[in-house]
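I opened my notebook to get to know a new structure. Here is what I looked up, entry by entry.

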Amino acid sequence: MNWDWLPTKTTPKTLGLALLLLFILAELTALPRRLDYWLLDSAMLAVPASVSPDTVIVAIDDASLSRLGRWPWPRQVHADIISKLHKAGAETIVFDILFTEPTADDAALKKAMQAHGNVILPLHLSRTDTYFPLSEKLPASDLVSAASGLGHAHIELDHDGLARGLYLFNGMGDALWPSLALAATGTTAKPTDSQSLPAFLNTREGYRVIPLAGTTGTLPAYSYESVLNAPPAPGRFSGKTVFIGATAVGLGDILPTPFSGLNQPMPGVEFHANAYSALKQQLQIRRAPDWSGIGLAVITLALLACLLPRMRMTYTFFTCVSVGVALLLLYMVMLGVFRVWLPIAHALVIPLFAFPTANGLRLTVANRFLSRQLDELARTPGITLPELSMRSPTQLLEHFQALFQPRGWLLQEDGRILSSRTLKPTDIPDMQKNGVWQHADNHSWIQLKRGDCRYTLGLILPNDLSREAIQRYLQNLNFSGAVTAKKKSVGGENISARIERVKTATERLNHMQEFIRRSFERMPDGIIVTDELGIIRFANGHIENWFGEPMPSVAGLPLTRLLEGHDPRETPPWHETVSETLTLLQSRTVDLRIHHKDFLIHFAPFALPDSAQYGIVANISDISELREQQRQHREAIDFISHDVRSPLVSQLALIEQLKRDPSHIEQSHLEQLGRLAKRSYHLAEEFVQLARAEQLTKTRFYECEFLAVVENARDSVSEQALEKHISLHLQGTEDLWLKGNAELLERAVINLLTNAVQYSPEYTPVNLQVFRAGHQACLTVTDEGMGIEPGELPHLFDRYRRQRNSELAGARGAGLGLSFVKTVVEKHQGEIYVTSRPGEGSCFTLKLPITDPIG
């Protein structure tokens, strides 16, 4: 899939465009308007307005209609109610009853109005016919002249059908009439700001939200009939503004409000009374300009678009919540303190959209990055090991030929010979199982099945000590054909397929990292990798072992400090070598000595990834064995030039002497030649045996019985012991099996016994004891000879080292016998030590691990 069309990262521009698109889509719906209404209603319901104490309602209720008759009542009745209220001391009387048609009782009503002097009448704006424009419906002319003021009775219904406010001024053309509530405060009509407006144009100004005191019946109200028929009650109406209107069902207008909705609508007269109460207490709420909500939304959008792309995903949620809370606090302050209804829903939807949008864009960018990385990983060749069961038999034969160099082979397909050497079809044994090797001496056979074909493969392996190891190796190879099938995602959701891709890529990376880690750990050399400042960033296990530094302390340590701490030097200093490698980009090879071991460290610069700088790869090789071999080589040259050369020179000189006078050849001359030749032979034999011991590996080990090895060694030395009348006593009856090389072990025991016999006086015993101690097979060789000086013991097993006492006693040797013994024991993972007292004898103890340890 091509992901290039997606942004590479979330920027203020991309987030801002996404939020702007969502904002436009939200504006096309009723969501912001409904949210604004809900916030306003919630605020007014939470804190209802208080009731002005000079506001009271005279309600034309169902009881009044039942007692006074059907509506409309004669205007004389209204004149009587005005007179009653006048006598009760009512300051202002506001009618929410239309008196548009003149009647015979208008004179009485007019007289009552004039007598009171402060009666407000309503006017109504309506059209007389569908085809006619709006027109003002004023009260009868006589009543207009008697009224102290006129007010419009219109109440606005919002888009959701609820009544929340009204226009303070409403009219046709140039004149604007105050609302009933505003007229009750003494405000009269006012001209519009524009001149010569058409008379049919409905003009409105000063919309105010009316905070209601509560549901229907919250304001004090009295039945019209009870007020009319009861004596005047100054305690109820004195100094108050009285609103008269219908509250009976089916009579007058009823309005759904935020407090009641459609369940308990509020009569129009009560709404006007609430409006008057709010005006008197300065509680009415102005609506902010329409552009303020849009402007606030733009500011919020710009703020979040700039902040969120720079934040972590965790902080995005808290930022959006904080912005939303700040908007709500601003809303409450404007509404409660300044009495301004600020439409914040336009801005409030921005943080609601911003959190999922920002995170969605981040996930999209991350998804694009992961997809591209997955695609690159899929194209990158991995380190995979093909199953042996998937390789062709012909290919397997070629690999075996290159690896083991067999002396012969046979590959047969369904009875047809594909390749052969030495082996014939008649040599094939009876094989029952596929994919399982069968071994008979040095012949190894396997039967493979590939599809419908059956293959038979046979090898003739080298008939030496490596044969057993090769056969064990072949037995561990898996040719059974049981290939683990990896589950593949077929169909399903895209996220599942992506997870499978991530899982596969992770497994490949883990496989690669594990391959690299094991490769570095299994390397024979120590590896150190530094950054551009020479700080160690990686080291394999050899560094920890050789330097004796724990791995956590090595990482982050300057390379120069590590080297100076273990091998301080002045010429050349380590910092100079390291800095020149980094600055001159030239490789360096320097000797290094750590804990009495010799190393060779090679510094090589390498380019760091995604950088123009260079780091260092330091390869540390342990050359202690090489240096030891060089030392041994020099010692061997000295040994050959002195110890081996000396008896040969003596032999040649004696032979030349005998050649000059062949008539005087005596028996002593021949015996002397024999001793010199025998000494040369023994020196060469010891030298060859030591070389064999040093080259011994575990591939030449096999099961052998230690007691039998000691018995054979004793028998080999018995004749030499008999010449000195020395008795060899062997104690031990338990068979002790171990894995080793019996030939070299026997030679090592012979060397111990030969030394014991050689350095023991005549008619003394040499005791041998073979026993088991835990998981070790032990041998002690004890004599009663001259013993070893304490100063000689630490160097007893050194090569070419001879004891001073034995040399003075005439028992000369090459100094290789005990060195051979120690080498053989160490190759078998064993140990040897000696205890000795001069003049009392010596005891050599040899311990070797057995194959069946106890516990």
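Entry 1: I am working with a predicted model. I began with P572, which lies in the loop between α19 (559–566) and α20 (574–583). I then turned to P72, found in the loop between α3 (62–68) and α4 (75–88). W71 and P72 are also joined by a cis peptide bond, and here omega is about 5°. I noted these bonds because most peptide bonds are trans.

**Entry 2: positive phi.** Most residues other than glycine have a negative phi, so I looked up exceptions. For H595 I read a phi near 50°. This histidine sits in the loop between β24 (588–594) and β25 (597–607). Is H595 buried or exposed? Its relative accessibility is 52%, so H595 counts as exposed. Q829 has a positive phi too, near 60°, and is found in the loop between α26 and β32. With 56% relative accessibility, Q829 counts as exposed.

**Entry 3: the whole protein.** I stepped back for an overview. The secondary structure comes to 26 helices and 33 strands. Of the 855 residues in the protein, 42% are buried. I also looked at contacts between residues at least 6 apart in sequence: 68% of them join residues at least 24 apart.

**Entry 4: the cores.** Which residues have the most contacts inside the largest nonpolar core? I found F706, L752, L753, V766, L779 and F844, in a core of 45 residues. Several elements give two or more residues to this core, among them α23 (706–723), β30 (765–773), β31 (776–782) and β33 (841–849). The largest share, 10 residues, comes from α24. A second, separate core has 38 residues, including I81, I82, M172 and A246.

**Entry 5: a pair of helices.** My last stop was α14 (residues 393–404) and α15 (residues 466–476), whose axes come within 13 Å and cross at roughly 150°. Angles over 145 degrees count as roughly antiparallel, so α14 is roughly antiparallel to α15. The crossing is right-handed. Which residues make the contact? From α14 I listed F400, L403 and F404, and from α15 I listed I470, Y473 and L474. The residues of this contact divide into 6 nonpolar, no polar and no charged.

Terms used: Residues are numbered from 1 along each chain as its sequence is written. This is a predicted model: local features need pLDDT of at least 70, side-chain atom pairs count only at pLDDT 80 or more; totals for chains, interfaces and linings use all residues. Side-chain values use heavy atoms; hydrogens and water are left out. A nonpolar core is a set of buried Ala, Val, Leu, Ile, Met, Phe, Trp, Tyr and Cys residues joined through side-chain atoms within 4.5 Å. Buried means under 20% relative accessible area, exposed over 50%, partly exposed in between (1.4 Å probe, protein chains only). Helices (H or I, at least four residues) and strands (E, at least two) are DSSP runs, numbered from the N terminus. Axes are lines fitted to C-alpha atoms, for helices over the stretch in contact, and angles run from 0 to 180 degrees between N-to-C directions. Angles under 35 degrees count as roughly parallel, over 145 as roughly antiparallel, 65 to 115 as roughly perpendicular and the rest as oblique. A crossing is left-handed if the near helix is turned anticlockwise from the far one by less than a right angle, and right-handed if clockwise. Contact means heavy atoms within 4.5 Å. Ala, Val, Leu, Ile, Met, Phe, Trp, Tyr, Cys and Pro count as nonpolar, Asp, Glu, Lys and Arg as charged, and the others, Gly among them, as polar.
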